Amino acid sequence: MSGVDDSSGRWGWRLTCAVTVVVYIFLFAPIAATIVLSFNASMFGGFPITGFSLHWYGTLFENEAVLAAFQTSLWIALFTAAVTTVVGIAAALALVRFEFAGKAAVNTLAILPALVPETILGVGLLVLIKAIDQPRTYLILLLGHILLALPFVVLVIQARLIGIRRVYEEAALSLGATRAATFREVTLPLLLPAVFASVLLAFTISFDNTTASLFWRPAGVETMPTQILSMLKVSISPEVNALGTLMVVITVGVPLLGGVIAKILSELQRRRQKGEVT
Amino acid sequence: MRKGWSVNDWRVAWALCAPTVILIVVLLILPIVVMGVYSFFTFVTAGVESPELTLANWQEFLSDSYYHGFLLKTVRVGAMTAAICALVGYFPAYFIWATGFRHKWMLLLLLIVPFWISFTIRTFSWIHILGEQGLINVVLLRLGLIDEPYRLLYTEGAVIMGLVHFLLPYMILNVYVSLEGIDRTLIQAARSMGCTSAQAFREVTLPLSLPGLGAGLLLCFVLAAGSYVTPQLLGGPRDALFGNLIYDTVMSQLNWPMGATLSMVLFVLLGICAAAYSRYMGLSQIMKGMSA
């Protein structure tokens with residue numbers, strides 16, 4: 001940076017660099033250890049490393065509890081992503097494109113679930129269904145995950161909608177398109193990158209959720225994270241390391257891939273828009 | 001403001017908002033109200049309560065030092081976590097902001113990546129570093145510096161370490177967003193008027209980045225104080241926090257009225273923190289950090 005020329009500035013900058021490097025190592029070292037240990041041949045989950053082996057990935061695919069938990073999480077996450085995105089787009093449209101009484105209140109309400117600790121969300125929903133004497137079902141788990149993901153989806157779609165100029169929609173309307181047709185033909189295509197990001201975000205939030213799911217899951221049902229927790233109760237096994245590594249590869253790989261696709265989509269769109277305007 | 005298409009059609013607007021509003025009212029507002037009512041119900045036996053209203057749960061909470069201990073420990077751990085995050089997290093945020101490095105988006109991306117990795121996995125990974133079979137103990141034993149493994153895991157320190165690991169990205173991103181909003185010519189002006197770079201930082205950059213630091217502190221404190229998984233995995237039995245207390249009360253003892261009371265306590269405590277913050281800073285700062 002310009003102007004770091006006196007000694008206090010130089011030392012300050014050196015300290016900043018050093019702490020930054022340490023922080024990045026701190027953030028990733030434990031996960032790196034898990035990934036390395038998942039290929040360890042040892043019967044135990046920890047160090048030292050005794051040899052290279054893929055054995056623990058093999059046992060993982062024969063572990064029926066893990067496979068069942070994976071399926072549960074996958075389905076819940078898919079439904080959460082679909083429902084949350086649709087509901088979130090509608091709310092974001094209203095909040096960005098309309099003026100109405102109570103808008104500020106709706107805006108705050110939409111963000112609220114992100115600010116309340118999960119433990120309280122968990123107990124709250126559970127007390128509610130106990131009060132009306134309902135059992136814990138998959139539907140409760142699904143509704144809960146929708147609640148958790150909704151604020152983030154609304155935020156992401158809102159941010160993108162603000163960036164889309166209204167003139168495109170106005171042009172379509174003035175040319176005689178209905179409101180629905182305008183949304184379908186103009187707004188939605190422009191919104192596509194954000195829709196894509198929301199689906200991914202909602203999917204990840206649902207798939208990763210641990211604390212609230214411990215409260216909401218039906219009796220005897222495990223999701224992926226709660227399954228990992230219950231495996232850890234015995235001891236840290238090499239199988240857990242293998243499972244963790246697989247999940248890291250999936251949950252980091254998918255958004256990275258999604259980000260690349262979204263970037264390509266919005267790039268194509270920008271070109272098309274430019275072509276149409278000029 | 002220019003009148004665009006149908007901006008005043010409140011019926012369409014409310015129809016679009018309705019699903020979100022209904023979901024949040026039914027799944028969040030209503031449960032909190034019911035929880036408030038439940039905290040006055042009478043506990044009969046595990047899993048059974050009667051709707052006779054009583055103050056017994058609140059009296060028990062207010063008079064029993066067992067609960068006060070949990071509350072104090074939770075506040076202490078939350079505050080320490082937030083403070084460490086602020087102290088340690090300011091440096092990388094400042095570095096990313098100030099660096100001339102061309103690919104600084106990569107540094108930012110690396111802060112987002114932890115959000116994609118399952119929180120449970122990130123937390124249990126610390127067992128590999130701190131445990132008896134963990135990296136630190138194995139290396140120290142091999143080097144002959146110690147004779148038997150140090151007890152690093154299942155301590156309050158390990159819990160704070162795990163929470164800091166989980167919350168640092170929130171802090172760094174919040175501070176970074178705030179730093180990005182600073183007009184850099186102000187710093188140049190301070191320098192040209194004869195400030196040393198340390199003075200310029202203390203008098204200009206630091207005060208202007210305080211809103212981000214404040215938002216980060218609040219977010220870290222609230223999330224740390226509400227945590228359940230981290231103390232469960234990295235702490236010993238004595239390191240349980242309020243979240244664990246609530247879980248045990250509800251899920252193990254099946255004492256729903258007491259569980260509801262404890263949940264209300266945590267909700268009110270953290271609500272006061274958030275309200276106090278938004279009074280001084282406005283919640284928009286947190287929104288900025290979250291959507292970053």
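Trainee: In which helix is the place of Leu95(A)?
Mentor: Residues are numbered from 1 along each chain as its sequence is written, while chains are lettered from A and ligands numbered from 1 in the order in which they are written. This is a predicted model, in which local features need pLDDT of at least 70, side-chain atom pairs count only at pLDDT 80 or more, and totals for chains, interfaces and linings use all residues. Helices (H or I, at least four residues) and strands (E, at least two) are DSSP runs, numbered from the N terminus. The run that holds Leu95(A) covers residues 64-97 of chain A and is helix H3.

Trainee: Is Leu95(A) buried or exposed?
Mentor: A residue is buried if 20 or more other C-beta atoms, placed from the backbone, lie within 10 Å of its own, exposed if 12 or fewer, and partly exposed in between. Leu95(A) has 23 other C-beta atoms within 10 Å, and therefore it is buried.

Trainee: With which residues is Leu95(A) in contact, leaving aside its neighbours within four places in sequence?
Mentor: Two residues are in contact if their C-beta atoms lie within 7 Å. Once the neighbours within four places are set aside, the partners of Leu95(A) are Lys103(A), Val106(A), Asn107(A) and Gln158(A).

Trainee: How is H4(A) oriented relative to H1(B)?
Mentor: Axes are lines fitted to C-alpha atoms, for helices over the stretch in contact, and angles run from 0 to 180 degrees between N-to-C directions. Helix H4 (residues 103-115) of chain A packs on helix H1 (residues 10-38) of chain B at about 50°, with the axes 10 Å apart. Angles under 35 degrees count as roughly parallel, over 145 as roughly antiparallel, 65 to 115 as roughly perpendicular and the rest as oblique. H4(A) and H1(B) are therefore oblique.

Trainee: How many nonpolar residues does the contact of H4(A) with H1(B) have?
Mentor: H4(A) brings Val106(A), Leu109(A), Ala110(A), Leu112(A) and Pro113(A), which meet Cys17(B), Thr20(B), Val21(B), Ile24(B) and Leu28(B) of H1(B). Ala, Val, Leu, Ile, Met, Phe, Trp, Tyr, Cys and Pro count as nonpolar, Asp, Glu, Lys and Arg as charged, and the others, Gly among them, as polar. The contact of H4(A) with H1(B) has no charged residues and 1 polar residue, and its nonpolar residues number 9.

Trainee: Which helix gives the most to the side of chain A that touches chain B?
Mentor: The contact between the chains takes 85 residues from chain A and 79 residues from chain B. The side of chain A comprises 60 nonpolar, 16 polar and 9 charged residues. With 17 residues (within 7-38), the element of chain A that gives the most to this side is helix H1.

Trainee: What share of the residues in chain B is buried?
Mentor: Chain B has 14 helices and 2 strands, and its C-alpha trace spans about 75 × 75 × 35 Å along its principal axes. Of the contacts in chain B with a separation of 6 or more, 72% join residues 24 or more positions apart. Among the 292 residues of chain B, the buried share is 45%.

Trainee: Which residues touch the most other members of the largest nonpolar core?
Mentor: A nonpolar core is a set of buried Ala, Val, Leu, Ile, Met, Phe, Trp, Tyr and Cys residues joined through C-beta atoms within 7 Å. Beyond its neighbours within four places in sequence, Leu167(B) is in contact with Thr81(B), Cys85(B), Cys220(B), Leu223(B) and Ala224(B). Of the 148 residues in the core, those that touch the most other members are Leu167(B) and Cys220(B).

Trainee: What is the phi of Tyr154(B)?
Mentor: Most residues other than glycine have a negative phi. Tyr154(B) lies in the loop between helix H7 (135-142) and H8 of chain B, and it is partly exposed, with 18 other C-beta atoms within 10 Å. Its phi is positive, near 60°.

Trainee: Which residue with a positive phi follows H12(B)?
Mentor: H12(B) is largely enclosed by the rest of the structure, because 8 of its 11 residues are buried, including Phe242(B) and Tyr247(B). The loop between helix H12 (242-252) and helix H13 (256-280) of chain B holds a residue that counts as partly exposed, with 15 C-beta neighbours inside 10 Å. With a phi near 55°, the residue that follows H12(B) is Leu254(B).
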